[in-house]
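Thanks for coming. I have one structure to go through today, so let me put it on the screen.

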Amino acid sequence: NTLQNPKFVLDIIKKDAEPNNAGEEVFLKDVEFKLEKLKQAKTGGTQWEVDTSYTFNNNDNLHYLTGTTGTDGEIKNNPFKDLEPGRYRLTETKAHPGYNLLAQPIVIEFTQDGTCSIDGQVIPVGDKFTQSGNTYTMTLTVLNRKTPELPHTGADAPSLWLLIGMPLAVAGLLIFTFRYNRKGGRRH
């Protein structure tokens with residue numbers, strides 16, 4: 001009998017914070033996330049940095065994993081599985097059209113004794129964080145709001161102002177030239 005490290009799975013669901021007009025949830029597709037393992041910085045203290053020496057088992061020896069959501073808002077062929085205990089940073093790298101990227105990454109920590117915390121808040125085993133044998137699954141729903149549409153600024157028809165302004169400028173220049181020449185022009 002040997003003690004085995006628990007394995008963790010991170011399931012992500014991306015959806016709009018507001019339901020549509022029919023009151024249904026709006027799932028966001030083609031949203032890309034990047035997951036990186038963190039380590040304590042060499043300076044010590046509470047600083048963390050990306051562990052570039054760590055490689056994920058299922059990602060061609062890269063130090064990060066990426067996943068893109070499908071039409072159901074969930075990551076297709078979820079690569080965020082078989083995660084070891086440790087601290088991870090989840091960053092949204094591509095937003096759904098009409099939405100902004102998350103303002104800051106989400107820090108997720110899985111511990112050896114099977115606990116999970118998100119941005120420092122411990123998530124108890126229950127609805128979102130479940131256990132099946134030696135595997136723990138964290139279902140993280142990431143909400144987003146539509147980018148508000150900005151009001152239109154600037155001229156509605158710049159060419160119209162150009163068509164009116166250019167002849168007026170030429171007329172003013174001609175009037176100035178004729179008046180200047182009628183007064184005798186340049187005097188030496």
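E109 and R87 form a salt bridge, with their closest N and O atoms 3.0 Å apart; by salt bridge I mean a side-chain nitrogen of Lys or Arg within 4 Å of a carboxyl oxygen of Asp or Glu. E109 lies in strand β6 and R87 in strand β5, so the pair ties together parts that are 22 residues apart in sequence. Helices (H or I, at least four residues) and strands (E, at least two) are DSSP runs, numbered from the N terminus. E109 is partly exposed at 25% relative accessible area, and R87 is partly exposed at 21%. The cut-offs are under 20% for buried, over 50% for exposed, and partly exposed in between, with a 1.4 Å probe and protein chains only.

A word on the source: this is a predicted model, where local features need pLDDT of at least 70 and side-chain atom pairs count only at pLDDT 80 or more, while totals for chains, interfaces and linings use all residues. Residues are numbered from 1 along each chain as its sequence is written, and side-chain values use heavy atoms, with hydrogens and water left out.

Back to the charges. The structure holds 6 salt bridges. One of them joins E92 and K14, at 2.9 Å from N to O. This pair links distant parts of the chain, E92 in strand β5 and K14 in strand β1, 78 residues apart. Both ends are buried: E92 has a relative accessible area of 5%, and K14 has 0%.

R89 pairs with E36, the closest N and O atoms being 2.7 Å apart. Since R89 lies in strand β5 and E36 in strand β2, the pair ties together parts 53 residues apart in sequence. R89 is partly exposed at 27%, whereas E36 is buried at 6%. K34, E36 and R89 are linked in a network of salt bridges.

Which buried residue has no salt bridge? That is D51, and its nearest side chain of opposite charge, K39, is 4.2 Å away. For charge, Lys and Arg count as positive and Asp and Glu as negative, with His and the chain ends not counted. D51 is found in the loop between β3 (48-50) and β4 (64-68).

Now the overall fold. Of its 188 residues, 29% count as buried.

The largest nonpolar core has 27 residues, and L10, F80, L83, L90, I108 and F110 are those with the most contacts inside it. Such a core is a set of buried Ala, Val, Leu, Ile, Met, Phe, Trp, Tyr and Cys residues joined through side-chain atoms within 4.5 Å. Its largest share, 4 residues, comes from β10. Not counting residues up to four places away in sequence, F110 touches, among others, F8, L83, Y88, F129 and M138; contact here means heavy atoms within 4.5 Å.

L28 is in the loop between β1 (7-16) and β2 (32-40), and counts as buried at 1%. L28 and H96 are 68 residues apart in sequence but 6.2 Å apart in space, C-alpha to C-alpha.

Last, the helix. W161 sits in helix α1 (residues 158-182) and is exposed, with a relative accessible area of 59%. That is the end of my part.
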